[in-house]
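Have the sequence and the model open side by side while reading. The text below goes from the contact between the chains to the sheet and helices of one of them.

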Amino acid sequence: MKLIVDQLHITLDRTPILREVSLQAREGDIVGVVGPNGSGKSTLLRAVYRSLRPADGVVRVGDDDVWALSAPAAARRTAAVLQDAGGNTTGLTVTEIVALGRAPHHGLLGRDGAEDRAAVSDAIDRCGVRPFAHRAYASLSGGERQRVLLARALAQQPRLLVLDELTNHLDIRARFELLDLIRATGVTALAVLHDLDLATRLCDHLVVLREGTVAAAGPVLDVLTPDLLADVFGIRAGTERHADGVIRITYAANPLA
Amino acid sequence: MHVPLAVTVLTVALPVTMVVAISIGAVDVPLGDVWGIVWHHVTGAGAPPADPALDQIVWTFRTPRVVLAAVVGAGLAVTGAVLQTVVSNPLADPTVLGFSYGATLGAVLVITLGGGAALAGLGVSAAAFLGALAAGALVFALGQRLAPTRLVLAGVAVGYVFLSATSFVQLRATPTELRTVMFWMLGSVAGAQWDQLPTVTAVVGVTTALLALFGRRLNLLLAGDESATALGVDVNRLRALLLVLSALLTGTVIAVAGGIGFVGLMIPHLVRLTTGADHRRLLPLTALLGSVYLVLVDLLSRTLARPGELPLGILTALLGAPFFLWLLRRNKGLD
């Protein structure tokens, strides 16, 4: 489903966090949100998954303003994988956590039916968590946990995925595995990524945030220019497409100079 | 443990424990007679009891007491389970959230002022109930839109204020009143009467059923506030509703049985450690185990020191803690 963020203003405790932020993701696009710490990336995501009501502007998923939808209706369209999203899941098994993704499809009295079990089972298979589906979440490694949370998001059967620092604290292989998983879903995604190298590999388009405003947006190569990298991130680096088709960032010998 | 097995064991254990508890006392009544008398009163079938004294012991004195113990045990345990999830804190129970201290202040005021003009017409039970609700309302009002950690701290702070007020009132109490206060705070179901049972049972039953309906939503709270929001839950509204129901449940139970500690803290963890944290089975199992446990504790409270009685609050922790600690150290799989 397409995502349109239009002229978003967000204020927290009277401090403006986002100003005039606009971006778009077409159906199936993976759009990356990058920027220094405190530039408003997570806040932008909160507005998209309907946790933070904007002071002004609109977030449309499909054709609807997310705040015109009920919370469960919005959650049937948009699923989020957030940082430290395991919460206090002591005692829940992997399957039980994935099954939480079915909640927006039920009212208060709803019981799990065949459709729910199929969605949970499918999500478990797609994310490769079947081998530890009956283990306690707390006993899993960081990479396994992130795959479980992605499976929970897929069990929601979303049309838009919101991903906040999905690959943080993971070893390099686990990072690439997660990127593959996300691409394989084919679902439109908005992903906050700290690691610019991963962002260039995962995303079709990038939005660069700086101090709550959009500093640049567009295809990866157009956005991550040496000037922008110096200006926004304060590093000396260049970006180019290599012969194997992969876009890579090359950092200068002394990137802080 | 296998969940259906746990359900079966507890569903059988509850009536068995209750009948055994009714049969044992200053006068031991054979199990068959207990069953006959209870069956006769409940269904109207069978022969009326041959011995009116036996009938009175079983039906007038012991049965309401055992039923009240079961209801109170269920109420306390379910409240603990819900509060632990609502504030995402394994230490949470009605005491930590301040509800129990509110009830205590209400009860102590009536005990020391002796139903004086200030609280005209209020009995100890009603005052304790209002105290718990007042504490619940305060925590609810002050903790609105607060993150779980702050909410539990708000509860602790409110609890301390009620505790201070209680201590102040106690300073002015006579030794006799103080002894009454102490016994009330340690809890008892000795005063159980048939006419109070319908209200208490109805409130505990309906509230527990409502909370069980929220089982799936309670599971979502385990995922953390942001994730629960992204899953379509209005976290603040849900938490407020659960707090109100918990305060109502606590107030009702404490009003009739006093401040019985440890059940609300321990029983939910026992169930989590053995059958997991999914609230759709956690809450019913917690209610059942809480019932069985308090019936047993009450039985011991009136048999260990025969012909005297020990307050429930002394035994709940003394008996439960060693087993709980053993389970805590043995079952590390679900951490």
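How much area is buried between chain B and chain A, and what percentage of that area do carbon and sulfur atoms give? The model is a predicted one, and the values here are computed from it. The size of an interface is often expressed as the accessible area that is lost when the parts come together. Between chain B and chain A the buried area is about 2300 Å², and carbon and sulfur atoms give 57% of this area. In terms of residues, 35 of chain A are in contact with 24 of chain B.

Charged and polar pairs also cross this interface. Four salt bridges are found between chain B and chain A. B:Arg216 takes part in a salt bridge with A:Asp112, where the closest N and O atoms are 3.2 Å apart. Polar contacts across the interface of chain B and chain A come to seven residue pairs, with both residues at pLDDT 80 or more. On the side of chain B that touches chain A, the elements giving two or more residues are α9 (215-222), α10 (225-230) and α13 (279-303) of chain B. The most comes from α9(B), with five residues. By type, the residues on this side of chain B are nine nonpolar, eight polar and seven charged.

Now turn to chain A and its sheet. Six strands of chain A form an open sheet with mixed pairing, in the order β6-β7-β8-β3-β9-β10. At its edges are β6 (78-81) and β10 (213-219) of chain A, each of which pairs on one side only. On average, neighbouring strands of this sheet are turned by 15 degrees against each other, direction ignored.

Helix α1 (residues 41-48) of chain A lies across β3 (30-34), β6, β7, β8 (188-192) and β9 (205-210) of chain A, and runs at about 150 degrees to β7(A).

Salt bridges occur within chain A as well. A:Arg175 forms one with A:Asp195, the closest N and O atoms being 3.2 Å apart. This pair links distant parts of the chain, 20 residues apart: A:Arg175 is in helix α6 (residues 172-185) of chain A, and A:Asp195 is in the loop between β8 and α7 (196-202) of chain A. Over all chains, the structure holds 22 salt bridges.

Terms used:
Residues numbered from 1 in each chain as written. Chains lettered and ligands numbered in written order. Predicted model: local features only at pLDDT ≥ 70, side-chain atom pairs only at ≥ 80, totals over all residues. Heavy atoms only, no water. Pairing = 2+ DSSP bridges. Helix = DSSP H or I, 4+ residues; strand = E, 2+ residues; numbered from the N terminus. Axes fitted to C-alpha atoms, helices over the stretch in contact; angles between N-to-C directions. Contact = heavy atoms within 4.5 Å. Buried area = accessible area lost by both parts, 1.4 Å probe. Salt bridge = Lys/Arg side-chain N within 4 Å of Asp/Glu carboxyl O. Polar contact = N/O pair within 3.5 Å; in protein donor to acceptor, adjacent residues only side chain to side chain. Nonpolar A, V, L, I, M, F, W, Y, C, P; charged D, E, K, R; others polar.
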